[in-house]
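Please look through the structure below from the whole chain down to single residues.

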Amino acid sequence: MERIVIINFGAQYNQLIARRIREAGVYSELLPPDAPIERVKGEGLSGIILSGGPDSCYLPGSRTCSDELFSLGVPVLGICYGMQLMCQKFGAKVGPAPVREYGKTFVRFKPNVLFKDMPDSICWMSHNDAVSEVPAGFELIAETDDCPVGAVCCGEKGLYAVQFHPEVRHTEYCAQFFHNFVYEICRCKGGWSIENLAGELIEEIRKKVGSSKVVAGLSGGVDSSVAATLVHRAIGDQLTCIFVDHGLLRLGEAEEVMDYYRNEIGLNVIEVDAKERFLSKLAGVVEPERKRKIIGEEFIRVFEDEAKKVGADYLLQGTIYPDVIESGTGGAQVIKSHHNVGGLPEDIAFKGLIEPLRILFKDEVRLLGESLGMPAPLVWRQPFPGPGLAIRVMGDITEEKLDILRKSDFILRDEIKKAGLERAIWQYFTVFTGVRSVGVMGDCRTYDTAIAVRAVTSTDAMTVEFAEIPYDILRRISNRIIAETPGVNRVVFDITDKPPGTIEWE
Ligand code: XMP
């Protein structure tokens, strides 16, 4: 298999580089800067990318990489910090940029194979430092008004470096850029695709599991559902799934997903009613990270109890690639503790873990689900967080608040469905804000709860924009929520992108 390795220097969006390369048809993975050189070389190495990152390469303690990377006989591309580091290693000066560039910036390209079929155009810039001279033996291949050394290359050694971020969609020719690097420079043949991957994954699972039993936690979400379907395809009824109803699900959710699991996919599922267990542990808890920790812990305990009864040797996890990256391939900062990563207690006795999706991004997981013939509504369900509605109720969680949240959320989903916007919007839900305000309904004063509508578009949840839902639909949503949800007298629309916000409120 052809492989492009990305050395991850810690920028929040480095995984987008891997996505763009996979979209171009070549497998790509991120490795930390201190990964052993043998791991980098591995099988089928076709190229290396040095990623962006928050450090200044001229300061002590900044992340660096082995010089050996430049002599492995494959092309190396530096992006932003990766460019600065490469240029510094080849003798150029790097320092604070006289003018910092941030955002959409017009870049002028010189004729070069890296920019084949790319006219001068808008690229995304985000840098405080800059390379101030072209390293000896390199040539200048791009510039902007404020960044005279915008890209350099030494074609003979296969070294290329750009100051802008080609991985971000705001860079107009982002797909063409990676196509050029992968096919024109690394000379890959391509052909990596999700459809081809399914058969390989199923074979791998069969080999690993043999005649042992596997247990899986199902959440109703895409990742665990696709993982279970894949493993079921591989080993049939040797797989037992456990679905925990923690009392923090949306209206009708448990019934809906259980119907898909049992009747459409034919999974062997145990449904555990753990509402009381979770809600009593959460009573009075206000702080978001505390809520997450309690839920994570309780999930494991319920799961452990059930898994013991099954007597399984392996545990199936729906871990996907962003989870793997966020839990440490190069030190991007942890923003929230996702409940399913690194939360397993050591005393849970399994021979091993099965994580068949750990190299895939969310949209790749969906494509895999489709290629396995899973029901579309399950594959295309909007993501729903493990901690469920707990992180959509601000403040302490009560049945009354959950009830208001469920009703309002159901109305929102219903209206989005009627408007045919389900697939266009990445996630849409309501938030119990905990704010009370004064209103007037039927000539009487009210002093009730404000519900927020959150709706975002995205391709991977890493960056999002608030969804531009037409005003008439918003008005219908607002009117219906207030009319049909006692206790609510105001609806607000959250117009925060990510960054600076996150998708969930907690
Ligand atoms: P944020 O709020 O960090 O969310 O922008 C990014 C995506 O992750 C989902 N999310 C979670 N999913 N366990 C999960 O399985 C969690 O603890 C968790 N927290 C957030 C969120 O819904 C969005 O899709």
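The protein chain holds 14 helices and 18 strands. Helices (H or I, at least four residues) and strands (E, at least two) are DSSP runs, numbered from the N terminus. This is a predicted model, in which local features need pLDDT of at least 70 and side-chain atom pairs count only at pLDDT 80 or more, while totals for chains, interfaces and linings use all residues. Residues are numbered from 1 along each chain as its sequence is written, and side-chain values use heavy atoms, with hydrogens and water left out.

An automatic or database domain assignment divides the protein chain into domain 1 (3-185), domain 2 (194-379) and domain 3 (399-493). The centres of domain 1 and domain 2, taken over C-alpha atoms, are 36 Å apart.

How far does the whole chain extend along its principal axes? The C-alpha trace spans about 75 × 65 × 40 Å. The radius of gyration is taken over C-alpha atoms, and the globule rule is 2.2 Å times the number of residues to the power 0.38. For 506 residues a compact globule would have a radius near 23 Å, and the 25 Å of the protein chain agrees with this.

Of the 506 residues, 57% are buried. Buried means under 20% relative accessible area, exposed over 50%, and partly exposed in between (1.4 Å probe, protein chains only). The protein chain exposes about 21,800 Å², and carbon and sulfur atoms supply 51% of this area. Accessible areas come from the Shrake-Rupley method with a 1.4 Å probe; for residues, only the protein chains shown count as cover.

A contact means heavy atoms within 4.5 Å. Among contacts between residues at least 6 apart in sequence, 75% join residues at least 24 apart.

Two residues can now be looked at in turn. Arg 20 lies in helix α1 (residues 15-23). Is Arg 20 buried or exposed? Arg 20 counts as buried because its relative accessibility is 4%. Leaving aside neighbours within four places in sequence, Arg 20 is in contact with Glu 167, Arg 169, Cys 174 and Phe 178.

Lys 498 is found in the segment after β18 (488-493). With a relative accessible area of 21%, Lys 498 is partly exposed. Which residues does Lys 498 touch, not counting those up to four places away in sequence? They are Ala 461, Met 462, Thr 463, Val 464 and Ile 503. Leu 140 is 358 residues from Lys 498 along the chain, and their C-alpha atoms are separated by 34 Å.
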